[in-house]
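Hello,

Here is the structure you will be working with. Please look through it first; my notes on what was found follow below.

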Amino acid sequence: MAGARKPSQADKEIESGLVRDFEAALSGIGQELEPGPFSTNDVVALSMLKQESELPPDDANKMPFQYVLCAATSPAVKLHDETLTYLKQGQSYEIRMLDNRKGGEPAEISGGLVKSMFRLLFHDRGLQYSEQQQQLESWRWNRPGDRILDIDLAMSVGITDPWANPTQLNTVEFLWDPAAKSTSVFIQVHCNSTEFPVKQPGGEKEVAFRLQIDTFKENKNGEYTEYLNSGSCQIKVFKSDEADEKQKIDWEKMEKKSPSEKEEYQPSHETTLFTECAPWVEMPYANNSPSPGFNSSHSSFSTGEENGSPNHHPEPSLPVEDKLLPTTSPQEAQQWLQRNRFSAFSRLLRNFSGSDLLKLTKHDFIQICGPADGIRFFNTIKGRLVRPRLTIYLCHKSFQLNEQQQQEKENGESNAVLSVYRAVYLEELTTVELTEKIAQLLGMSPSQITEMYRLGPKGIHVLVSNQMIRNFEEEAYFLLNTTKAETNDNYCIILE
């Protein structure tokens with residue numbers, strides 16, 4: 001071009017230097033990638049790796065297995081709160097099952113395969129023991145033949161022996177190999193959050209669910225009962241257009257906030273990481289202990305007719321009291337946080353010892369964890385007990401103690417029998433709960449109790465129902481009369 005100034009030697013040197021710097025900055029990009037086309041799965045994998053890099057570096061907080069839900073988290077979640085993910089009802093969502101252990105760590109799994117059980121639960125654990133359980137039963141009646149949680153087998157990869165318990169509509173399980181290159185299970189949620197509204201002072205609010213995974217390894221008997229770890233994430237389920245609208249509204253809320261306000265919220269991620277949590281209540285006490293949900297064998301039941309000694313029916317074993325002590329080290333405090341479902345605050349409290357945590361006030365916990373978790377944290381750490389809704393006393397002939405075996409009297413000819421009652425504490429006030437409590441006292445499986453009656457006026461047998469239990473008087477007492485079926489090991493219980 002006429003009149004254009006020719007570049008000077010200095011300009012050429014600057015330009016040459018910029019090119020070298022740019023090429024150096026680009027060097028190494030893509031060297032670790034396999035050759036081949038780039039897909040959307042790679043995008044999800046990269047975002048997943050980005051989230052994993054943000055996890056606490058402490059090995060104590062690292063889960064042996066990592067579970068990743070391929071669905072974006074909401075941007076309108078405050079720091080230190082659990083992530084929230086909106087799902088579409090009935091749509092298949094991928095959950096990647098990853099082995100998170102290092103190569104040098106000792107192998108815990110000898111047989112190769114592990115069993116994972118998925119459950120869809122209410123996020124608020126208190127709702128498990130309230131009227132929400134009745135709403136689940138109502139859902140079952142209104143949707144005959146439908147399941148709450150299901151596996152999309154056609155899309156799942158690397159799983160074997162999938163099984164959906166027909167009596168537990170919210171539970172599925174399968175086997176998988178942690179050493180496999182790729183394991184993904186696609187799940188479908190067929191209920192939505194608006195079907196189980198939670199009553200609040202300002203009106204009703206859609207319920208949040210907790211998608212939980214419990215993983216077990218094989219024991220010496222070939223049963224998958226030895227507990228390994230658990231993970232969960234918070235979700236809300238809506239119809240397809242409603243789920244998109246919820247996510248859109250959350251993004252619009254964040255766009256209206258100032259930069260300083262946005263710092264109080266978590267960034268949204270393309271995938272949802274499951275955080276470590278306590279195992280489901282069906283396997284509550286010890287690590288590596290059998291879970292009723294996985295153990296098909298039933299304990300034998302003796303009515304005590306051959307021997308009235310209570311040694312045949314010992315008290316059910318209770319868990320070792322898990323209290324935080326002033327001498328608890330920061331590492332032990334981290335483990336306590338995991339066991340008591342406070343893993344979301346592990347990184348924040350990683351330097352706190354037991355003495356530090358015990359010095360915190362209720363106001364301190366609320367400031368750190370928010371109102372809901374703060375109150376729960378305070379009550380847990382102070383060991384506050386919650387009174388049961390109903391207490392009753394039950395006596396069976398197997399509980400009766402011969403008075404001569406208890407104390408020596410001057411008159412050794414006395415054959416008096418001391419009737420011993422056991423206290424039963426009820427929270428749900430349902431026949432299912434009462435059946436489980438009675439079965440535990442008698443050392444049998446709840447499935448063996450097929451009928452339960454209360455002795456009424458003039459010796460009539462009245463069927464025990466939820467309504468009857470709700471009308472039991474506080475500290476009512478009953479004699480348990482057990483009748484065994486002639487053809488099987490089932491029993492009929494009569495409350496006298």
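A residue counts as buried when its relative accessible area is under 20%, as exposed when that area is over 50%, and as partly exposed in between. By that rule, 38% of the 496 residues of the chain are buried. Please note that this is a predicted model.

The chain holds twelve helices and 22 strands. Of the contacts between residues at least 6 apart in sequence, 70% join residues at least 24 apart.

Next, the charged residues. Side chains of opposite charge can pair when their charged atoms come close. The chain has ten salt bridges. One of them joins the side chains of K88 and D244, at 3.3 Å from N to O. K88 is in strand β2 and D244 is in helix α4, so this pair ties together parts that are 156 residues apart in sequence. K88 is buried, at 19% relative accessible area, while D244 is partly exposed, at 42%.

Another salt bridge is formed by E206 and K236, at 3.6 Å from N to O. E206 sits in the loop between β10 and β11, and K236 in strand β12, 30 residues apart. K236 is buried, with a relative accessible area of 9%, and E206 is partly exposed, at 22%. R143, D146 and E195 form a network of salt bridges.

Lastly, D241, E242, E245, E252 and E255 gather in a surface patch of negative charge. Of these, E245 lies in helix α4, which covers residues 240-255, and is partly exposed, at 40% relative accessible area.

Regards

Key. Residues are numbered from 1 along each chain as its sequence is written. This is a predicted model: local features need pLDDT of at least 70, side-chain atom pairs count only at pLDDT 80 or more; totals for chains, interfaces and linings use all residues. Side-chain values use heavy atoms; hydrogens and water are left out. Patches are made of residues with over 30% relative accessible area and no salt bridge: like charges are joined within 9 Å, nonpolar side chains (Val, Leu, Ile, Met, Phe, Trp, Tyr) within 5 Å. Accessible areas come from the Shrake-Rupley method with a 1.4 Å probe; for residues, only the protein chains shown count as cover. A salt bridge is a side-chain nitrogen of Lys or Arg within 4 Å of a carboxyl oxygen of Asp or Glu. Lys and Arg count as positive and Asp and Glu as negative; His and the chain ends are not counted. The place of a charge is taken as NZ of Lys, CZ of Arg, CG of Asp or CD of Glu. Helices (H or I, at least four residues) and strands (E, at least two) are DSSP runs, numbered from the N terminus. Buried means under 20% relative accessible area, exposed over 50%, partly exposed in between (1.4 Å probe, protein chains only). Contact means heavy atoms within 4.5 Å.
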